[in-house]
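Trainee: Hi! Could you walk me through this structure?

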Amino acid sequence: MILHDRIAEILPDWRNRVNRLVTEHRDFKVCDVTISQIYQGIRGVQIQVADISYVDPYEGIRLRGYTIPEVLEKLPRLPGCEFPMAGGLYFLLMADALPTFEEAMEVENEWKKHMEIPRHVVNMIHSMPRETHPMTLFSQAIMALQVDSIFARQYLDGLTKTDYWKPTLDDSIRLTAKLPSLAAIIYNWKYRNGEINAPNPDLDWSGNFAYMIENPNNHEYEELCRLFFLLHSDHEGANVSAHTAHLVNSALSDIYLTSAAAMNGLAGPLHGLANQECLRWLLKVYNSFESFPSKDELADFARRELKSGRVIPGYGHAVLRTTDPRFTAQFEFARKYLPDDELYQLVCRIYEVLPDILKETGKIKNPYPNVDAINGTLQYHYGVREFDFYTVLFGVSRILGITAHAVWARALNKPIERPKSLTTAMLEERVAGKPDTIEVAM
Ligand code: CMX
(Lines give C-alpha, C1' and ligand atoms only; values in the text may rest on other atoms or scores of the structure.)
Protein backbone atom coordinates (compact mmCIF):
# COMPACT_ATOMS: atom_id res chain seq x y z
CA MET A 1 0.00 0.00 0.00
CA ILE A 2 1.25 3.46 -0.89
CA LEU A 3 1.47 4.81 2.66
CA HIS A 4 3.60 1.83 3.75
CA ASP A 5 5.95 2.40 0.83
CA ARG A 6 6.31 6.12 1.41
CA ILE A 7 6.87 5.83 5.15
CA ALA A 8 9.41 3.02 4.64
CA GLU A 9 11.24 5.27 2.16
CA ILE A 10 11.57 8.31 4.43
CA LEU A 11 11.89 6.51 7.76
CA PRO A 12 15.68 5.90 7.77
CA ASP A 13 16.35 9.62 7.48
CA TRP A 14 13.89 10.45 10.28
CA ARG A 15 15.43 7.78 12.52
CA ASN A 16 18.89 9.23 11.87
CA ARG A 17 17.78 12.75 12.74
CA VAL A 18 16.24 11.64 16.02
CA ASN A 19 19.19 9.41 16.92
CA ARG A 20 21.60 12.25 16.28
CA LEU A 21 19.65 14.58 18.60
CA VAL A 22 19.44 12.00 21.35
CA THR A 23 23.02 10.77 21.16
CA GLU A 24 24.89 14.01 20.37
CA HIS A 25 22.80 16.48 22.40
CA ARG A 26 21.21 14.38 25.12
CA ASP A 27 21.83 16.93 27.94
CA PHE A 28 20.83 20.00 25.96
CA LYS A 29 18.13 21.88 28.00
CA VAL A 30 14.91 22.60 26.08
CA CYS A 31 13.04 24.53 28.80
CA ASP A 32 12.68 25.11 32.54
CA VAL A 33 9.42 24.54 34.40
CA THR A 34 7.97 26.90 36.99
CA ILE A 35 5.67 26.11 39.88
CA SER A 36 2.89 28.13 38.25
CA GLN A 37 3.20 26.00 35.11
CA ILE A 38 2.99 22.82 37.16
CA TYR A 39 -0.14 24.03 38.93
CA GLN A 40 -1.70 25.47 35.78
CA GLY A 41 -1.98 22.45 33.57
CA ILE A 42 1.72 22.23 32.61
CA ARG A 43 0.85 25.17 30.36
CA GLY A 44 3.47 25.94 27.75
CA VAL A 45 5.96 23.32 28.95
CA GLN A 46 7.67 21.84 25.91
CA ILE A 47 7.27 18.16 26.69
CA GLN A 48 6.87 16.49 23.38
CA VAL A 49 7.96 16.34 19.75
CA ALA A 50 5.17 15.97 17.20
CA ASP A 51 5.95 16.47 13.53
CA ILE A 52 2.46 16.01 12.07
CA SER A 53 1.39 19.57 12.85
CA TYR A 54 2.37 22.66 14.79
CA VAL A 55 0.25 25.56 16.13
CA ASP A 56 1.93 28.92 15.75
CA PRO A 57 0.28 31.48 18.08
CA TYR A 58 0.04 34.14 15.36
CA GLU A 59 -0.36 32.06 12.25
CA GLY A 60 -2.43 29.11 13.47
CA ILE A 61 -2.03 25.49 12.57
CA ARG A 62 0.45 24.20 10.00
CA LEU A 63 -0.14 20.64 8.84
CA ARG A 64 3.22 19.11 7.90
CA GLY A 65 4.45 22.66 7.43
CA TYR A 66 1.52 23.91 5.33
CA THR A 67 -0.92 26.58 6.52
CA ILE A 68 -4.67 26.00 6.18
CA PRO A 69 -4.95 28.18 3.02
CA GLU A 70 -1.99 26.31 1.49
CA VAL A 71 -3.46 22.90 2.31
CA LEU A 72 -6.81 23.94 0.83
CA GLU A 73 -5.10 25.15 -2.31
CA LYS A 74 -2.59 22.34 -2.84
CA LEU A 75 -4.34 19.08 -1.97
CA PRO A 76 -6.03 17.21 -4.82
CA ARG A 77 -9.80 17.30 -5.23
CA LEU A 78 -12.36 15.29 -7.14
CA PRO A 79 -13.56 16.79 -10.46
CA GLY A 80 -16.33 19.31 -9.78
CA CYS A 81 -15.43 19.67 -6.10
CA GLU A 82 -14.20 22.82 -4.41
CA PHE A 83 -12.57 21.19 -1.38
CA PRO A 84 -9.88 18.48 -1.23
CA MET A 85 -10.30 14.81 -0.50
CA ALA A 86 -9.47 13.59 3.00
CA GLY A 87 -7.42 10.81 1.35
CA GLY A 88 -4.92 13.42 0.17
CA LEU A 89 -4.80 15.00 3.60
CA TYR A 90 -4.14 11.61 5.20
CA PHE A 91 -1.31 11.06 2.73
CA LEU A 92 0.17 14.44 3.70
CA LEU A 93 -0.07 13.74 7.44
CA MET A 94 1.32 10.21 7.19
CA ALA A 95 3.84 10.46 4.35
CA ASP A 96 5.04 14.04 4.94
CA ALA A 97 4.56 15.05 1.30
CA LEU A 98 1.87 16.60 -0.86
CA PRO A 99 0.16 13.79 -2.79
CA THR A 100 -0.63 13.65 -6.46
CA PHE A 101 -4.26 13.06 -7.42
CA GLU A 102 -3.47 9.34 -7.93
CA GLU A 103 -1.86 9.03 -4.51
CA ALA A 104 -4.82 10.69 -2.81
CA MET A 105 -7.14 8.33 -4.72
CA GLU A 106 -5.09 5.33 -3.58
CA VAL A 107 -5.78 6.22 0.04
CA GLU A 108 -9.47 6.83 -0.75
CA ASN A 109 -9.68 3.45 -2.52
CA GLU A 110 -7.96 1.67 0.35
CA TRP A 111 -10.52 3.23 2.72
CA LYS A 112 -13.36 2.01 0.50
CA LYS A 113 -12.25 -1.60 1.06
CA HIS A 114 -12.66 -1.27 4.83
CA MET A 115 -15.72 0.93 5.33
CA GLU A 116 -18.11 -1.73 6.48
CA ILE A 117 -18.98 -1.82 10.18
CA PRO A 118 -19.09 -5.32 11.72
CA ARG A 119 -22.54 -6.47 12.84
CA HIS A 120 -21.53 -6.78 16.50
CA VAL A 121 -20.64 -3.07 16.59
CA VAL A 122 -24.00 -2.04 15.12
CA ASN A 123 -25.79 -4.34 17.57
CA MET A 124 -23.84 -2.86 20.45
CA ILE A 125 -24.90 0.68 19.48
CA HIS A 126 -28.52 -0.44 19.09
CA SER A 127 -28.49 -2.06 22.52
CA MET A 128 -27.59 1.18 24.33
CA PRO A 129 -30.17 3.50 25.94
CA ARG A 130 -31.25 6.04 23.32
CA GLU A 131 -30.26 8.96 25.57
CA THR A 132 -26.58 7.86 25.58
CA HIS A 133 -24.36 10.74 24.48
CA PRO A 134 -23.18 10.17 20.89
CA MET A 135 -19.54 10.60 21.99
CA THR A 136 -20.01 7.70 24.41
CA LEU A 137 -21.39 5.59 21.56
CA PHE A 138 -18.55 6.66 19.29
CA SER A 139 -15.88 5.77 21.82
CA GLN A 140 -17.57 2.44 22.67
CA ALA A 141 -17.85 1.56 18.99
CA ILE A 142 -14.13 2.21 18.45
CA MET A 143 -13.40 -0.05 21.41
CA ALA A 144 -15.70 -2.71 19.99
CA LEU A 145 -13.65 -2.69 16.77
CA GLN A 146 -10.49 -3.47 18.76
CA VAL A 147 -11.16 -7.19 18.50
CA ASP A 148 -9.79 -6.95 14.94
CA SER A 149 -6.54 -5.15 15.84
CA ILE A 150 -3.74 -6.47 13.66
CA PHE A 151 -1.11 -4.88 15.90
CA ALA A 152 -2.48 -6.59 19.03
CA ARG A 153 -2.43 -9.98 17.29
CA GLN A 154 1.02 -9.59 15.75
CA TYR A 155 2.47 -8.24 18.99
CA LEU A 156 1.44 -11.44 20.76
CA ASP A 157 3.08 -13.40 17.96
CA GLY A 158 6.42 -11.68 18.66
CA LEU A 159 6.51 -8.78 16.21
CA THR A 160 9.93 -7.09 15.85
CA LYS A 161 10.12 -3.63 17.46
CA THR A 162 11.28 -1.88 14.30
CA ASP A 163 8.16 -3.18 12.54
CA TYR A 164 5.59 -1.99 15.12
CA TRP A 165 4.57 0.86 12.87
CA LYS A 166 3.45 -1.42 10.03
CA PRO A 167 0.45 -3.11 11.72
CA THR A 168 -0.22 0.22 13.49
CA LEU A 169 -0.64 1.73 10.04
CA ASP A 170 -2.79 -1.21 8.89
CA ASP A 171 -5.04 -0.73 11.91
CA SER A 172 -5.12 3.03 11.32
CA ILE A 173 -6.32 2.64 7.75
CA ARG A 174 -8.98 0.16 8.79
CA LEU A 175 -10.21 2.32 11.67
CA THR A 176 -10.21 5.63 9.81
CA ALA A 177 -11.99 3.96 6.85
CA LYS A 178 -14.92 3.17 9.12
CA LEU A 179 -15.32 6.55 10.83
CA PRO A 180 -17.85 8.18 8.44
CA SER A 181 -20.02 5.04 8.47
CA LEU A 182 -19.75 4.77 12.24
CA ALA A 183 -20.76 8.40 12.71
CA ALA A 184 -23.65 7.99 10.26
CA ILE A 185 -24.91 4.86 12.06
CA ILE A 186 -24.86 6.68 15.39
CA TYR A 187 -26.54 9.74 13.88
CA ASN A 188 -29.31 7.85 12.14
CA TRP A 189 -29.99 5.57 15.09
CA LYS A 190 -30.09 8.41 17.59
CA TYR A 191 -31.92 11.08 15.65
CA ARG A 192 -33.55 9.51 12.58
CA ASN A 193 -35.32 6.25 11.75
CA GLY A 194 -32.17 4.15 12.17
CA GLU A 195 -31.86 3.26 8.51
CA ILE A 196 -28.71 4.18 6.67
CA ASN A 197 -27.64 4.45 3.04
CA ALA A 198 -24.81 2.10 2.09
CA PRO A 199 -21.68 4.13 1.22
CA ASN A 200 -21.63 5.48 -2.33
CA PRO A 201 -18.52 4.12 -4.13
CA ASP A 202 -18.43 7.21 -6.38
CA LEU A 203 -17.96 9.52 -3.42
CA ASP A 204 -14.90 10.26 -1.33
CA TRP A 205 -14.54 9.56 2.40
CA SER A 206 -15.89 12.96 3.50
CA GLY A 207 -18.68 13.15 0.93
CA ASN A 208 -19.88 9.73 2.00
CA PHE A 209 -20.78 10.93 5.47
CA ALA A 210 -23.14 13.51 3.92
CA TYR A 211 -24.56 10.81 1.66
CA MET A 212 -25.04 8.26 4.43
CA ILE A 213 -27.01 10.59 6.66
CA GLU A 214 -28.99 11.57 3.56
CA ASN A 215 -28.52 15.27 3.95
CA PRO A 216 -31.19 16.95 1.83
CA ASN A 217 -28.79 19.55 0.51
CA ASN A 218 -26.29 16.92 -0.37
CA HIS A 219 -23.76 18.52 -2.69
CA GLU A 220 -23.16 21.62 -0.57
CA TYR A 221 -23.13 19.57 2.62
CA GLU A 222 -20.59 17.19 1.06
CA GLU A 223 -18.38 20.20 0.42
CA LEU A 224 -18.80 21.38 3.98
CA CYS A 225 -17.85 17.90 5.23
CA ARG A 226 -14.69 17.98 3.08
CA LEU A 227 -13.75 21.34 4.58
CA PHE A 228 -14.75 20.46 8.14
CA PHE A 229 -12.94 17.09 8.23
CA LEU A 230 -9.81 18.71 6.86
CA LEU A 231 -9.80 21.63 9.28
CA HIS A 232 -10.22 19.56 12.44
CA SER A 233 -7.77 16.78 11.62
CA ASP A 234 -4.95 17.84 13.93
CA HIS A 235 -3.86 20.61 16.29
CA GLU A 236 -0.30 19.61 17.27
CA GLY A 237 0.66 17.05 19.88
CA ALA A 238 -0.09 18.39 23.34
CA ASN A 239 -3.80 19.25 23.43
CA VAL A 240 -5.91 16.98 25.64
CA SER A 241 -6.94 14.39 23.05
CA ALA A 242 -3.58 14.28 21.24
CA HIS A 243 -1.63 14.03 24.45
CA THR A 244 -3.97 11.35 25.81
CA ALA A 245 -3.50 9.38 22.61
CA HIS A 246 0.26 9.74 22.79
CA LEU A 247 0.37 8.58 26.41
CA VAL A 248 -1.91 5.58 25.93
CA ASN A 249 -0.18 4.56 22.70
CA SER A 250 3.21 4.77 24.41
CA ALA A 251 2.17 1.73 26.46
CA LEU A 252 1.90 -0.08 23.09
CA SER A 253 -1.88 0.00 23.35
CA ASP A 254 -3.16 -0.47 19.80
CA ILE A 255 -4.80 2.19 17.67
CA TYR A 256 -8.34 1.34 18.80
CA LEU A 257 -7.50 1.66 22.51
CA THR A 258 -5.52 4.81 21.72
CA SER A 259 -8.22 6.48 19.63
CA ALA A 260 -11.03 5.67 22.06
CA ALA A 261 -8.99 7.18 24.90
CA ALA A 262 -8.43 10.31 22.79
CA MET A 263 -12.16 10.56 22.10
CA ASN A 264 -12.92 10.39 25.81
CA GLY A 265 -10.73 13.46 26.25
CA LEU A 266 -12.29 15.18 23.25
CA ALA A 267 -15.72 14.63 24.86
CA GLY A 268 -14.86 17.04 27.70
CA PRO A 269 -16.56 20.47 27.78
CA LEU A 270 -13.24 22.35 27.88
CA HIS A 271 -12.05 20.56 24.75
CA GLY A 272 -14.14 19.15 21.87
CA LEU A 273 -17.52 19.51 23.52
CA ALA A 274 -17.08 23.30 23.49
CA ASN A 275 -18.44 23.47 19.95
CA GLN A 276 -21.93 22.44 21.01
CA GLU A 277 -21.85 25.20 23.65
CA CYS A 278 -20.95 27.81 21.04
CA LEU A 279 -24.04 27.24 18.95
CA ARG A 280 -26.20 27.15 22.07
CA TRP A 281 -24.81 30.56 23.04
CA LEU A 282 -25.30 31.97 19.55
CA LEU A 283 -28.95 30.89 19.56
CA LYS A 284 -29.35 32.42 23.01
CA VAL A 285 -28.09 35.74 21.62
CA TYR A 286 -30.34 35.40 18.58
CA ASN A 287 -33.42 34.68 20.71
CA SER A 288 -32.69 37.50 23.15
CA PHE A 289 -33.56 40.19 20.60
CA GLU A 290 -36.83 40.78 18.80
CA SER A 291 -35.08 42.01 15.70
CA PHE A 292 -31.51 41.63 14.43
CA PRO A 293 -29.30 43.25 17.12
CA SER A 294 -27.29 46.39 16.46
CA LYS A 295 -23.58 46.56 17.35
CA ASP A 296 -24.38 48.55 20.49
CA GLU A 297 -27.00 46.06 21.62
CA LEU A 298 -24.54 43.20 21.12
CA ALA A 299 -21.81 45.04 22.99
CA ASP A 300 -24.14 45.58 25.97
CA PHE A 301 -25.22 41.94 25.85
CA ALA A 302 -21.61 40.71 25.84
CA ARG A 303 -20.64 43.03 28.71
CA ARG A 304 -23.55 41.69 30.79
CA GLU A 305 -22.47 38.10 30.09
CA LEU A 306 -18.91 38.82 31.15
CA LYS A 307 -20.02 40.73 34.23
CA SER A 308 -22.08 37.77 35.37
CA GLY A 309 -18.92 35.63 35.22
CA ARG A 310 -19.81 33.64 32.09
CA VAL A 311 -17.34 32.85 29.32
CA ILE A 312 -18.19 33.75 25.75
CA PRO A 313 -17.95 30.45 23.88
CA GLY A 314 -16.02 30.45 20.62
CA TYR A 315 -13.62 33.20 21.69
CA GLY A 316 -10.15 32.81 23.20
CA HIS A 317 -7.58 30.06 22.92
CA ALA A 318 -4.91 28.46 25.04
CA VAL A 319 -2.23 28.76 22.32
CA LEU A 320 -3.50 30.97 19.49
CA ARG A 321 -3.13 34.74 19.72
CA THR A 322 -5.02 35.65 16.56
CA THR A 323 -8.21 34.70 14.71
CA ASP A 324 -8.12 30.96 14.16
CA PRO A 325 -7.51 30.30 10.43
CA ARG A 326 -9.93 27.39 10.74
CA PHE A 327 -12.59 29.96 11.69
CA THR A 328 -11.60 32.08 8.71
CA ALA A 329 -11.87 29.15 6.27
CA GLN A 330 -15.39 28.33 7.44
CA PHE A 331 -16.30 32.01 7.51
CA GLU A 332 -15.35 32.19 3.81
CA PHE A 333 -17.42 29.08 3.13
CA ALA A 334 -20.45 30.72 4.77
CA ARG A 335 -19.89 33.97 2.89
CA LYS A 336 -20.08 32.03 -0.35
CA TYR A 337 -22.74 29.41 0.34
CA LEU A 338 -25.06 30.92 2.96
CA PRO A 339 -24.67 34.71 2.92
CA ASP A 340 -28.34 35.27 3.82
CA ASP A 341 -28.40 32.91 6.80
CA GLU A 342 -29.31 35.04 9.82
CA LEU A 343 -27.14 33.06 12.24
CA TYR A 344 -24.14 33.52 9.95
CA GLN A 345 -24.91 37.25 9.84
CA LEU A 346 -24.99 37.22 13.62
CA VAL A 347 -21.58 35.47 13.69
CA CYS A 348 -20.27 38.33 11.48
CA ARG A 349 -21.68 41.04 13.69
CA ILE A 350 -20.38 39.40 16.87
CA TYR A 351 -16.96 39.17 15.23
CA GLU A 352 -17.07 42.92 14.57
CA VAL A 353 -17.97 43.74 18.16
CA LEU A 354 -16.65 41.14 20.54
CA PRO A 355 -12.82 41.37 20.32
CA ASP A 356 -12.90 44.97 21.62
CA ILE A 357 -15.27 44.04 24.44
CA LEU A 358 -13.07 41.12 25.46
CA LYS A 359 -10.00 43.37 25.37
CA GLU A 360 -11.75 45.67 27.88
CA THR A 361 -11.49 42.91 30.52
CA GLY A 362 -7.71 43.21 30.39
CA LYS A 363 -7.16 39.55 31.15
CA ILE A 364 -8.11 37.57 28.04
CA LYS A 365 -4.96 36.70 26.12
CA ASN A 366 -6.70 36.06 22.82
CA PRO A 367 -9.88 38.08 22.20
CA TYR A 368 -10.42 36.57 18.73
CA PRO A 369 -12.68 33.74 17.53
CA ASN A 370 -11.58 30.12 17.55
CA VAL A 371 -12.88 27.45 15.18
CA ASP A 372 -15.91 26.73 17.34
CA ALA A 373 -17.33 30.23 16.86
CA ILE A 374 -18.72 29.15 13.49
CA ASN A 375 -18.71 25.33 13.32
CA GLY A 376 -22.22 24.83 14.63
CA THR A 377 -23.71 27.62 12.51
CA LEU A 378 -22.76 25.77 9.34
CA GLN A 379 -24.02 22.38 10.56
CA TYR A 380 -27.24 24.03 11.74
CA HIS A 381 -27.79 25.65 8.37
CA TYR A 382 -27.61 22.25 6.65
CA GLY A 383 -30.10 20.68 9.06
CA VAL A 384 -27.67 18.88 11.38
CA ARG A 385 -29.21 20.51 14.42
CA GLU A 386 -28.43 17.95 17.10
CA PHE A 387 -25.78 19.88 19.04
CA ASP A 388 -24.50 16.92 20.99
CA PHE A 389 -23.48 15.24 17.73
CA TYR A 390 -21.01 17.96 16.74
CA THR A 391 -18.17 16.52 18.81
CA VAL A 392 -18.53 13.21 16.94
CA LEU A 393 -17.93 15.09 13.68
CA PHE A 394 -14.88 16.66 15.29
CA GLY A 395 -13.74 13.18 16.41
CA VAL A 396 -14.12 11.65 12.94
CA SER A 397 -11.70 14.25 11.67
CA ARG A 398 -9.33 14.31 14.65
CA ILE A 399 -8.64 10.57 14.51
CA LEU A 400 -6.85 11.23 11.19
CA GLY A 401 -4.24 13.22 13.08
CA ILE A 402 -4.19 10.97 16.11
CA THR A 403 -3.45 7.86 14.06
CA ALA A 404 -0.74 9.68 12.09
CA HIS A 405 0.98 10.67 15.35
CA ALA A 406 0.69 7.09 16.63
CA VAL A 407 2.14 5.50 13.49
CA TRP A 408 5.12 7.86 13.66
CA ALA A 409 5.59 7.33 17.39
CA ARG A 410 5.91 3.60 16.69
CA ALA A 411 8.09 4.21 13.61
CA LEU A 412 10.52 6.28 15.69
CA ASN A 413 10.35 3.79 18.56
CA LYS A 414 9.21 6.36 21.09
CA PRO A 415 9.33 4.75 24.53
CA ILE A 416 6.65 4.53 27.20
CA GLU A 417 5.95 8.01 28.63
CA ARG A 418 6.73 8.35 32.32
CA PRO A 419 7.31 11.86 33.74
CA LYS A 420 7.66 12.37 37.49
CA SER A 421 5.25 13.70 40.10
CA LEU A 422 6.20 15.54 43.29
CA THR A 423 4.41 16.12 46.57
CA THR A 424 3.32 19.54 47.85
CA ALA A 425 5.75 19.13 50.77
CA MET A 426 8.65 18.59 48.36
CA LEU A 427 7.85 21.85 46.56
CA GLU A 428 7.51 23.67 49.89
CA GLU A 429 10.93 22.41 50.90
CA ARG A 430 12.49 23.46 47.64
CA VAL A 431 11.11 27.01 47.73
CA ALA A 432 12.37 27.25 51.33
CA GLY A 433 15.85 26.58 49.97
CA LYS A 434 16.25 23.05 51.31
CA PRO A 435 18.40 20.82 49.13
CA ASP A 436 16.69 18.83 46.43
CA THR A 437 16.73 15.21 47.59
CA ILE A 438 14.63 13.68 44.85
CA GLU A 439 16.31 10.82 43.09
CA VAL A 440 15.31 10.58 39.47
CA ALA A 441 16.17 7.22 37.97
CA MET A 442 17.12 7.66 34.31
N1 CMX B 1 -14.94 34.61 27.65
C2 CMX B 1 -14.75 35.06 28.92
N3 CMX B 1 -13.60 34.92 29.60
C4 CMX B 1 -12.57 34.37 28.95
C5 CMX B 1 -12.68 33.93 27.63
C6 CMX B 1 -13.92 34.06 26.98
N7 CMX B 1 -14.13 33.61 25.74
N8 CMX B 1 -11.48 33.42 27.24
C9 CMX B 1 -10.66 33.55 28.29
N10 CMX B 1 -11.32 34.11 29.33
C11 CMX B 1 -10.80 34.38 30.66
C12 CMX B 1 -10.35 33.08 31.31
O13 CMX B 1 -11.47 32.38 31.87
C14 CMX B 1 -9.36 33.57 32.33
O15 CMX B 1 -10.09 34.11 33.41
P16 CMX B 1 -9.57 33.94 34.94
O17 CMX B 1 -8.20 34.55 34.95
O18 CMX B 1 -10.57 34.68 35.73
O19 CMX B 1 -9.56 32.46 35.19
C20 CMX B 1 -8.69 34.74 31.59
O21 CMX B 1 -9.63 35.15 30.57
C22 CMX B 1 -7.39 34.39 30.93
O23 CMX B 1 -7.60 33.26 30.09
P24 CMX B 1 -6.65 32.97 28.85
O25 CMX B 1 -5.28 32.72 29.39
O26 CMX B 1 -6.82 34.03 27.84
O27 CMX B 1 -7.28 31.65 28.26
P28 CMX B 1 -7.07 30.17 28.75
O29 CMX B 1 -5.89 29.63 28.02
O30 CMX B 1 -7.10 30.08 30.24
O31 CMX B 1 -8.40 29.46 28.20
C32 CMX B 1 -10.07 28.84 26.65
C33 CMX B 1 -8.58 29.16 26.85
C34 CMX B 1 -10.30 28.41 25.21
C35 CMX B 1 -10.49 27.67 27.59
C36 CMX B 1 -10.88 30.11 26.99
O37 CMX B 1 -10.51 31.12 26.08
C38 CMX B 1 -12.36 29.88 26.94
O39 CMX B 1 -12.95 29.43 27.94
N40 CMX B 1 -13.02 30.20 25.76
C41 CMX B 1 -14.42 29.95 25.60
C42 CMX B 1 -14.67 28.47 25.35
C43 CMX B 1 -14.22 28.04 23.96
O44 CMX B 1 -14.45 28.72 22.98
N45 CMX B 1 -13.59 26.87 23.88
C46 CMX B 1 -13.15 26.33 22.60
C47 CMX B 1 -11.65 26.16 22.51
C48 CMX B 1 -11.31 25.70 21.10
C49 CMX B 1 -10.03 24.94 21.03
O50 CMX B 1 -9.47 24.53 22.07
O51 CMX B 1 -9.57 24.70 19.86
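Trainee: Great. What kind of model is this?

Mentor: This is a predicted model: local features need pLDDT of at least 70, side-chain atom pairs count only at pLDDT 80 or more, and totals for chains, interfaces and linings use all residues. Residues are numbered from 1 along each chain as its sequence is written, and side-chain values use heavy atoms, with hydrogens and water left out.

Trainee: Thanks. How many helices and strands does the chain have?

Mentor: The chain has 20 helices and three strands. Both are DSSP runs, numbered from the N terminus: helices are H or I with at least four residues, strands are E with at least two.

Trainee: What percentage of the residues is buried?

Mentor: Buried residues make up 52% of the 442. Buried means under 20% relative accessible area, exposed means over 50%, and partly exposed is in between, with a 1.4 Å probe and protein chains only.

Trainee: What about contacts between residues at least 6 apart in sequence?

Mentor: Of those contacts, 75% join residues at least 24 apart. Contact here means heavy atoms within 4.5 Å.

Trainee: Changing topic: how many positive and negative side chains are there?

Mentor: There are 46 positive and 57 negative side chains, and the centres of the two sets lie 5 Å apart. Lys and Arg count as positive, Asp and Glu as negative, while His and the chain ends are not counted. Each charge is placed at NZ of Lys, CZ of Arg, CG of Asp or CD of Glu.

Trainee: Let's zoom in. Which residues form helix H7, and what is its reach?

Mentor: Helix H7 covers residues 134–145, and it reaches 17 Å from its first C-alpha to its last, close to the 16 Å expected. The expected span is 1.5 Å times one less than the number of residues.

Trainee: Why is H7 called largely enclosed?

Mentor: Nine of its twelve residues are buried, so H7 is largely enclosed by the rest of the structure. Among the buried ones are Met135, Phe138 and Ile142. Their cover includes helix H6 (119–126), helix H9 (165–191), helix H13 (255–266) and helix H19 (390–411).

Trainee: And how many residues of helix H18 are buried?

Mentor: Nine of the ten residues of H18 (372–381) are buried, including Asp372 and Asn375. What covers them includes helix H11 (218–231), H14, helix H16 (325–337), helix H17 (342–361) and H19. After H18 comes glycine 383, with a positive phi near 90 degrees.

Trainee: You mentioned H14. What does asparagine 275 touch?

Mentor: Asparagine 275 lies in helix H14 (274–287) and counts as buried at 1% relative accessibility. Leaving out residues up to four places away in sequence, asparagine 275 touches Asp372, Asn375, Tyr390, Thr391 and Phe394.

Trainee: Where is leucine 11?

Mentor: Leucine 11 sits in helix H1 (residues 2–24), and it is buried, with a relative accessible area of 4%. Leucine 412 is 401 residues away in sequence, yet the two C-alpha atoms are 8.0 Å apart. Beyond neighbours within four places in sequence, leucine 11 is in contact with Trp165, Trp408, Ala411 and Leu412.

Trainee: Is tyrosine 164 buried or exposed?

Mentor: Tyrosine 164 is buried, at 10% relative accessible area, and is found in the loop between helix H8 (150–156) and H9. Not counting residues up to four places away in sequence, tyrosine 164 touches Phe151, Tyr155, Leu159, Leu252 and Arg410.

Trainee: Last one: which phi value does aspartate 96 have?

Mentor: Its phi is near 60 degrees, a positive value in a residue other than glycine. Most residues other than glycine have a negative phi. Aspartate 96 is in the loop between helix H4 (86–95) and helix H5 (101–113), and is partly exposed at 30%. Asparagine 413 also has a positive phi, near 50 degrees, and lies in the loop between H19 and helix H20 (424–431).
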